[in-house]
Amino acid sequence: MRITILNGNPDPNNTTFEGYLRQMGEGLGKRHQLKSLTLREMNIKYCVGCFGCWVKKPGECVAADASRDVCRAVINSDFTLLASPVRMGFVSSLLKKTMDKLIPLVHPYFDVVNFEAHHRARYAAYPLLGLLLEKSADTDDEDVAIIGDILSRTALNLKSRLALTRLMLEPVEEVAHAVNNL
C-alpha cells in the first residue's frame, strides 16, 4: 500500500507529536511505501478561491507553491493520514490550509448524490483518509467527534471516506496495526 502522511504539526518543538509520527512511520515503512510530508517545512499558500485550479490550470493550483507536490502525493497514495494536534477545537491551521489546497483534485462540476451536491471526480481512484489527533488539554470527546464529522464530509467530497480516526493517546503500535488492516 502507498501511504502519505501529512504532518500538520506547526511546532517543531512538540517532540511528543514528532516522536509518535516518526515511530509510526518507521513501523509502516517496513510494510508499505511511505511518503511523509512535514507541512511546516513546505511553502503552502492559502487558497484564495480564485477558481484558477478549475479554469486557468485545471487540476493544478495557479499559485506556484508546494501544494502541487501535496496533491500529487495524495492522489498517488492508497491511504493518506492527516495528522495534527488539536488547536481550538479543530485541526491545526497548517493542516486546514493544506486540506483547502486539495480542491484541484476534483472537478468544479457537481453531481447530485443522495440528494446532496458533490464535486465530480477528476481521477479514477482516490485514497482512503485517516485522521490522527493529538489532544490538547481542553480537547474533549465532543471535539474529536466534530472534527471527525467534518473530515468525513471532506472525504466524501474527495470521493473517499474517513477510514479511521485515532488519538495519539493510543499506543503507536495499535494505530499502525489499524492502518495495516485497512
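User: In which strand is A83 found?
Analyst: The model is predicted, and the elements named here are read from it. Strands are numbered from the N terminus. By that numbering, A83 is found in strand β3.

User: Is A83 buried or exposed?
Analyst: A residue counts as buried when its relative accessible area is under 20%. The relative accessible area of A83 is 0%. That value is under the cut-off, so A83 is buried.

User: Which residues is A83 in contact with, leaving aside its neighbours within four places in sequence?
Analyst: Contact means heavy atoms within 4.5 Å. With the neighbours within four places left aside, the residues in contact with A83 are L6, N7, G8, N9, F17, L21, L95 and L132.

User: How far apart in space are A83 and D143, C-alpha to C-alpha?
Analyst: In sequence, A83 and D143 are 60 residues apart. In space, their C-alpha to C-alpha distance is 15 Å.

User: What is the relative accessible area of T80?
Analyst: T80 is also found in strand β3. The residue is buried. Its relative accessible area is 1%.

User: With which side chain does the side chain of T80 make a polar contact?
Analyst: Leaving aside neighbours within four places in sequence, T80 is in contact with T4, L6, V74, P127, L128, L129 and G130. The polar contact is a separate matter, with a distance of 2.9 Å. The partner is the side chain of S77.

User: Which residues of α3 are buried, and what covers them?
Analyst: The buried residues in α3 are L94, L95, K97, T98 and M99. What covers the buried residues of this helix includes β1 (2–7), α2 (67–75), β3 and α4.

User: Over which ring does the charged end of K97 sit?
Analyst: K97 is one of the buried residues of α3. Its charged end lies 4.9 Å from the centre of a ring. That ring belongs to Y46.

User: Is V144 buried or exposed?
Analyst: V144 lies in helix α4. Leaving aside neighbours within four places in sequence, V144 is in contact with L133, K135, T139, T165 and L167. Its relative accessible area is 13%, which is under 20%, so V144 is buried.

User: How many aromatic pairs are there, and why is the pair of F51 and W54 described as stacked?
Analyst: The count comes to two aromatic pairs. The ring centres of F51 and W54 are 5.5 Å apart, with the planes at 25°. Planes under 30 degrees apart count as stacked, so the pair of F51 and W54 is stacked.

User: What kind of pair do the rings of Y123 and Y126 make?
Analyst: The centres of these two rings are 6.1 Å apart and the planes are at 70°. Planes over 60 degrees apart count as edge-to-face. The pair of Y123 and Y126 is therefore edge-to-face.

User: Where is M88, and what is its phi near?
Analyst: M88 is in the loop between β3 (79–85) and α3 (93–100). M88 is exposed, with a relative accessible area of 85%. Its phi is positive although M88 is not a glycine, with a value near 55°.

Methods:
Residues are numbered from 1 along each chain as its sequence is written. This is a predicted model: local features need pLDDT of at least 70, side-chain atom pairs count only at pLDDT 80 or more; totals for chains, interfaces and linings use all residues. Side-chain values use heavy atoms; hydrogens and water are left out. Helices (H or I, at least four residues) and strands (E, at least two) are DSSP runs, numbered from the N terminus. Buried means under 20% relative accessible area, exposed over 50%, partly exposed in between (1.4 Å probe, protein chains only). A polar contact is a pair of N or O atoms within 3.5 Å; within protein, one must be able to donate a hydrogen and the other to accept it, and residues adjacent in sequence count only if both atoms are side-chain atoms. Rings of Phe, Tyr and Trp (its six-membered ring) pair if their centres lie within 6.5 Å; planes under 30 degrees apart count as stacked, over 60 as edge-to-face and the rest as tilted. A charge sits over a ring if NZ of Lys or CZ of Arg is within 6 Å of the ring centre and within 35 degrees of the ring normal.
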